[in-house]
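Visitor: I'd like to learn how to read a few features of a model. Could you walk me through them?

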Amino acid sequence: MNDEGLAGLTERLGVDIDPETLRLALTHRSYAFEQGGIPTNERLEFLGDSVLQLVATESLYSDNPDLPEGRLAKMRAAVVNTRALASVARRYDVGASLLLGKGEDATGGRDKDSILADTVEALIGACYVSCGPDTAFALVHRFIDPMLSDAVTLGAGMDFKTTLQEAAADLSLGTVRYEISGEGPAHARVFTAAAYTGDTVWGTGEGSSKKAAEAVAAEVAMRAISAAHPRYARRA
């Protein structure tokens, strides 16, 4: 990746990570192997995971003084997991900047949840090393604060498709179904999903796969249902 591509990512992230450390954070082991065994992002990932856990734990502890430990643990798990971190990566288009081996790239590695989640942790670690703890903590807050809010208001599960199904059943709205369409070339296809109960469209979403589009649609639908039925509270 050239310096222009690195600069574009740092601009989206809102932090000034030095290019060498940022490049390391984006170096997947498949690329490192093809390059003769150069260092990978795994050490930065290890560091970033600890920073992420600390910030999430401190935020939940401080912001929810009346919640017991078990509920806080569930809420933390809702934002410190592969699916949630992969959604953060997609929000900042991290996949476009990954350094992947040819085989991993050819099989969709740029949109693979596990790779995206690991890279987010590596980026947090890179920010900590390059910019210091205060900047790294601020970056983590930008990453996870919206999800922490969702964990409080929508329940700790944070699996929006499951949450939507449960809400629809609890409120007697009917069975949830998704209608999906796609457009674009095969290598860059974009899918759109609409989440229905009966004839009501509760939310729509886009993604690079049908599964990703359904997840976004379910999240939008869950927000709409929560707004329409304010007394509804999902049991965590």
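Visitor: What volume does the largest cavity have?

Guide: Here's the general idea: rolling a probe the size of a water molecule over the atoms shows where empty space is left. This is a predicted model, and in it the volume of the largest cavity is about 50 Å³. The structure holds 1 cavity of 30 Å³ or more.

Visitor: Which residues line the largest cavity?

Guide: The lining is made up of His28, Arg29, Asn41, Glu42, Glu45, Ile115, Asp118 and Thr119. Sorted by class, that gives 4 charged, 3 polar and 1 nonpolar residues. Helix H4 (42–63) and helix H8 (113–131) each bring at least two lining residues, with H8 giving the largest share, 3 residues.

Visitor: And the aromatic rings: how many aromatic pairs are there?

Guide: A pair of aromatic rings is described by the distance of the centres and the angle of the planes. The count here is 1 aromatic pair. Tyrosine 92 is in the loop between helix H6 (82–91) and helix H7 (102–106), while phenylalanine 143 is in helix H9 (residues 133–154), so the pair ties together parts that are 51 residues apart in sequence.

Visitor: Is tyrosine 92 buried or exposed?

Guide: Buried: tyrosine 92 has a relative accessible area of 13%. Phenylalanine 143 also counts as buried, at 2%.

Visitor: Which residue lies over the face of tyrosine 196?

Guide: That's arginine 177, at 4.4 Å from the ring centre. Have a look at lysine 161 too: its charged end sits over the ring of tyrosine 178, 5.2 Å from the centre.

Definitions and conventions
Residues numbered from 1 in each chain as written. Predicted model: local features only at pLDDT ≥ 70, side-chain atom pairs only at ≥ 80, totals over all residues. Heavy atoms only, no water. 1 Å grid on protein atoms, 1.4 Å probe; cavity = no way out; pocket = protein on both sides within 12 Å on 5 of 7 lines; lining within 4 Å. Points joined across faces, edges and corners; volume = space filled by probe spheres on them. Helix = DSSP H or I, 4+ residues; strand = E, 2+ residues; numbered from the N terminus. Nonpolar A, V, L, I, M, F, W, Y, C, P; charged D, E, K, R; others polar. Phe/Tyr/Trp six-rings, centres within 6.5 Å; stacked < 30°, edge-to-face > 60°. Buried < 20%, exposed > 50% of the residue type's maximum accessible area, 1.4 Å probe, protein only. Lys NZ or Arg CZ within 6 Å of the ring centre and 35° of its normal.
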